[in-house]
Amino acid sequence: MESGVRYAERMRMPWAGWIGTVAAAAVAAGLSNFGDLRWWRLTLSVAVFLVPLIGAWWLGRLPVRVVEHGEGRWLHVDDARLPVSAIDRVEVLEPTAYSDSLGVALHPLAFVVQRPWIRRGIRVVLDDPDDPTPYWVVSSRNPERLREALAVARPAEAA
């Protein structure tokens, strides 16, 4: 990790998900060819095989980081950035609470970054009256460490 990074994680798919993705892509590629060896059908089969693999990689590339900049500490979720000074509280969501928070109870203006293969996360409640977003819900394999990285930046909350 960089010196200014207090927490870092990528939302990569587990190996079982990759096995399923490769199997589904192979079946789809095989069915798209029908045994015809013309160049354009083979090209289509390769594309049908590669598109799900590239999509699975793209979904897993998303980083979640807590970074210390010169002007303060920030929560980075992919391209979105949130100053820790705008955070009211951070809640760890265990599997049941996490699932419930993504259901009908989800506020329509909430910022959500989730991956279906990660069943835990955090809810970051904001304290910014000018921001219409009430909270962020973010998937995390280790939500306790993520909360600690955010709480260290706000010593008043830790007390």
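Residues are numbered from 1 along each chain as its sequence is written, and side-chain values use heavy atoms, with hydrogens and water left out. Because the model is predicted, local features need pLDDT of at least 70 and side-chain atom pairs count only at pLDDT 80 or more, while totals for chains, interfaces and linings use all residues.

Select strand 1 (residues 5-10) together with strand 2 (residues 63-69), which pair in the antiparallel sense over five bridges; strands here are DSSP runs of E with at least two residues, helices are runs of H or I with at least four, and both are numbered from the N terminus. Two strands pair if DSSP finds at least two bridges between them. Within this pairing, A8 stands opposite R65 in strand 2.

Now show D88, R89, E91 and R123, which are linked in a network of salt bridges, a salt bridge being a side-chain nitrogen of Lys or Arg within 4 Å of a carboxyl oxygen of Asp or Glu. R89 meets D88 at 3.3 Å, N to O, and E91 pairs with R123, their closest N and O atoms being 3.0 Å apart. This second pair links E91 in strand 5 (residues 87-93) to R123 in strand 7 (residues 121-126), 32 residues apart.

Turn to F111 and W136, which form a tilted aromatic pair, 4.3 Å centre to centre with 45 degrees between the planes. Rings of Phe, Tyr and Trp (its six-membered ring) pair if their centres lie within 6.5 Å, and planes under 30 degrees apart count as stacked, over 60 as edge-to-face and the rest as tilted. F111 lies in strand 6 (residues 111-113) and W136 in strand 8 (residues 135-139), so the pair ties together parts that are 25 residues apart in sequence.

Finish at helix 2 (residues 39-60), where L50 is found.
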